[in-house]
Amino acid sequence: MVRREPCVRISLSDEQRAAVEADAPRVVVSAGAGAGKTRVLTARFLRRIEEGCDLERIAAVTFTEKAAGELKRRIREALHEEGRKDDARRVPDAWVATIHGLCRRILREHALEVGMDPEARVLSQHEALMLASEAMESAIQACVDEQEEDVLFLLDKKDIGTVAKWAKTAYDQIVAAGLDPLRAEPQPPVTPADARGLARRLRESAEKMSGFKQTATRDSNIESLQRAAQALEAVSEGTALQDLDRLLDVLETLATCSSAARGCEEFKEAAQRAQQTLDEAKAMIAQALVAPVERGIARLVARFSEEYAKAKRSAAAMDFEDLQTYVACLLTENQIAARELRERFEEVLVDEFQDTNRLQSRIVSALAGRCLVAVGDKRQSIYRFRFADVGVFDELASTGLVRTLTENRRSHPDVLEVVNHVFGDPRLFGPSHDHLRAVRQEGRLDWPDEEPRVRVLLAIAEGGTTADDARRAEAEVVAEEISRLCESGLARPSDIAILSRQLVNRARMFEEALRRRGIESVSTASDFFSTAEVADGVMLLRVIDNVWDDEAWVHVLAGTIGGVSPSGLARLRAASPKDGLWRAILDAEAVLSGHDLERVRLLRGAVKAARSRRGLLPPGDVLVDALRRSGHDAALRDRGAAGARAWANLLLLARLVDESDQLTGRGMRGFLAELKELESLGIGQAPVGEDVEAVRIMTIHAAKGLEFPVVFVVGMTEGENAENRSVLVDCTGDTARIASALPEGLLGGREIKKNPKPRGIARLAENEAAAQAEEEKRLLYVAFTRAQEALYLTGAAGGGPGPARAAVLEALGVERAVDSEQEAVKAGGVTIPVVRRAPAEAIAASATPEAAVPGSARGERVPEADAGEGVPSRGFVPRRLSPSALEDFELCPYRYYASHVLKLSNPAAGEGATAFGTVVHEALRSAATGTWSEERLEALARRHAISEEDLARLRELVEVFQESETASALDAYDRVSTEAPLSMVLGETLVSGRMDVLARSAESALIVDFKWHEKEPAKPELDQERYRRQMACYALAALKSGARTARALVYEAARGRISTEWEFTATDAPGLEAELQGLIERITMSDFRPLEKYEHEACVGCPALGGLCSVRGPKRADGAGHTRR
């Protein structure tokens, strides 16, 4: 071929040109961060066209559809620029796509050859997850129906949800490796020969030790080794290795055996070798024990594969993995089609090759005719959780022609000098780090020379003791610095990214800290269903489906969609005590006016219109139409970045509803029935446009491929939360092999210290831990190299970072101690300020806005209903209150409002007020009156169907109470009654309730309230404050009924002790009554504002948390739903 001067001109550096012109069957371009790999891919594509290769004979595979679109745009523009308009017009049809897009196009041509339905559609990720969930249910049910012994054994040891997760994760990993899930197998079985071999080695170790000088250590070791050998010999014949009870006996024996290394060096070495043999023996027996578990998982994986395939055939659909699997089969089993495809593609270019899996690598290698060009950076391989395998990059690099790109066009030289200093350290990449060179022409921001480009910020959590305290302190310090950058004009919010290893329980802290300073932010946290707008959208779906759903109506009316004031909602509730809120809404004009009436009318019309469109339009369209008719879209448009994100999330919700309907044909009701399944999938929030003026809060994974002028890498002093998986899969051979840890249920209640890992999973876990440790380093490299102008490393002073983060801080020489006086460190020629700051400084730097209220995404006050004729301006006087309602109001007015005005139930309440806790209360009340007996115990057991274990526990709790100081104190009183009624009239309000135990004598009273907490309360020292209102009500009732003194105490049943107590006298009664009347007046006048921020004691168990309330707690609050009563 005659070489022509290229007519398509793209400016290239020498190292880029070397990559573009590299000519070999396999070319690997190792492209460092910001080195212009997309430019190289574009130039390489165009060069092949210049050499006479037809556009249709070049394939380019990208990691995302966005990247594919960008590559096509650059190719088309370059061809247009050179006047090659015919070629430019053909670019949209070029083979430039993601791996899934490429496979889909191939299958359109070869569908019949692989036995695929040509009309099959490709499921979205969400559809595939929903279908897979149904298929897993079917697979488990089929195994149960057919009495699959190993699966039944597995389900007996673990709950269904965990088993399903194990099987699905194993299936995904097997498919990603290009292996057949139908052929999945357990680990190789333990044989009698294995047991005999280890027994022989143990006896040999004992024999060797007997040659050393006699000591207590030597004799103890010999005894242990001989005992262990004898135990192994007992299961080395016949079928003993399938007898779980005998295996547990052996494991119990081995757990008591050890070989201590004390004495001379030679003895220590012998003892250590003997201990290694003992550990091998424990791992071998553990492996024999988990054999049925591994067989059960392997069988379930195969059965799920069958059921999932059947479900996809029924839906005339396939998922993304099917696209790859079908093409891989075509290339290996149909030689004619494989040859035709290889001859078609003269060159295959693959972007981000470090993030491919083995199946994908096989496909692109088989497609490449003359040349495969793999572009990537192994230091940016961060998708192991998607089963990407960085090993495929190393393997290709070891056999191909390698070209390296190190010229960084993204970052300022100071940032790169720090990156090179840190990651060139032996504790991180060491010599394998390719030194990045700064060659950029100009920066994005006008950054003053005196402003450092790299900083370390360490927050001091004054008075804080928990990890969340440290994180909040860090969030405040970061928000203050961002506020400084924005106010000084150095950066806009959209120039700034906060990058974190994970965002669970973190994103909200940064969002709130920024919001307090008037700075908008958007987050990529995977908490879609926990966002306020999606919770409200789901409730609107419920209302459209069933207008008599009062709980849903309360959420819609009081939430961001309705914006009805608390007093307006209270009037609607009062107008519909029996007929339901829908009846009151239809006649809203009778009780509402002004803003509240306007909002209710809009909602009423939107819901009526939506109900009339059901079945005529897709359910997602019905939802969007209702949102628009209610004016919610316009309201969100006025709320900046937060509003844009909320609307994007609602549109995603509508899409999910449509996808569910397309799969099941059950409309809104089908979607609502599947909601719990969907919530467990960890769906991320919808993306927002790049033009939204807001700080980006992202995971490092989500930031891959992006760049930002200013980057904050947060959590630098935190651990790395390495996942300790219970099931792993060995995919290194032709057959996948399942490996499992010992489920706790398998031990049958035996106390075996330091449960050994079965040998199969022990080997895989060691490899997994090493691979994860390397990926943690790569994650930090990706985060650091996103920064163009400035890089901040932040954490909490005194924190304990994981190994990778510790290595970074040590490479920089940063001291983490709170009291360190270190002010700066050096990295090469760059001086890095180290700032320690208490969050109080950050909070003081900005005014604290008025507390946010429900119905507002940004803290604006929702207007109250106008006071019109027949509508009192004063709130409603509560007719009846319980001591617990008063307690709720003091904790948080909005909690009282949600629980006692709106009468919402806490969906998780049953988790705390357990059935066993109810039984405990009943038993202790019986013991308090002296009516407890064995017959009473048996009657309780029958009525509540409690287990033998709980029965024994209950007997012990009662016995402890009978011997307690509380029981002795009750014996001194004349009358003891249980469930004693409380009834006091204070003004227009009746305070009523029941006391667990009331004991009376002529002039004194003793009140006992039983509390049941399975776990020790987080802050038991707060019990005095926590329960005072409730116990003061009880004491006041006793004093008003004639007692001169009243002792009130709280008995903590789980720990058999008095938690706290009070003494009241008749002279205290007027003061107590005045307190209560003042509290009732506050309730009457209250607008029921929420707290300014999450407080565990007030928020845990609140039915409004995560829905109606503007306060956002942790993703799963510790103890959420556990009642305090």
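Analyst: Arg440 is buried, at a relative accessible area of 17%. Buried means under 20% relative accessible area, exposed over 50%, and partly exposed in between, with a 1.4 Å probe and protein chains only. The model is predicted: local features need pLDDT of at least 70, side-chain atom pairs count only at pLDDT 80 or more, and totals for chains, interfaces and linings use all residues. Residues are numbered from 1 along each chain as its sequence is written, and side-chain values use heavy atoms, with hydrogens and water left out.

Arg440 sits in the loop between strand E11 (437-438) and strand E12 (454-459). Helices (H or I, at least four residues) and strands (E, at least two) are DSSP runs, numbered from the N terminus. The side chain of Arg440 reaches two backbone oxygens: that of Arg410 at 3.3 Å and that of Gln788 at 3.2 Å. Neighbours within four places in sequence aside, Arg440 touches Asn408, Arg409, Arg410, Ser411, His412, Arg453, Gln788 and Glu789.

Now the helix. H3 (residues 65-81) has 17 residues. From first C-alpha to last, H3 reaches 24 Å, close to the expected 24 Å; that expectation is 1.5 Å times one less than the number of residues. Ala68, Leu71, Lys72, Ile75, Ala78 and Leu79 are the buried residues of H3. Seen down the axis, they fall within an arc of 130°, so they line one face of the helix. The arc is taken over directions from the helix axis to the C-beta atoms. An α-helix has 3.6 residues a turn, so residues three or four places apart point the same way. The buried residues of H3 pack against helix H2 (37-50), strand E2 (58-62), helix H4 (85-90) and strand E3 (95-98). On the other side of H3, Lys66 and Glu81 are exposed. Gly83 follows H3, with a positive phi near 80°.

Last, the domain contact. Domain bounds come from an automatic or database assignment. Domain 2 covers 148-314, and domain 3 covers 454-525 + 693-734 + 761-837. Their centres, taken over C-alpha atoms, are 40 Å apart. Ten residues of domain 2 are in contact with nine of domain 3. The two domains bury about 830 Å² between them, 60% of it on carbon and sulfur atoms. Trp166, Gln173 and Leu179 supply 48% of the area that domain 2 buries against domain 3, more than any other three residues. Buried area is the accessible area (1.4 Å probe) that two parts lose on being put together, summed over both.

How values were computed. Contact = heavy atoms within 4.5 Å. Polar contact = N/O pair within 3.5 Å; in protein donor to acceptor, adjacent residues only side chain to side chain.
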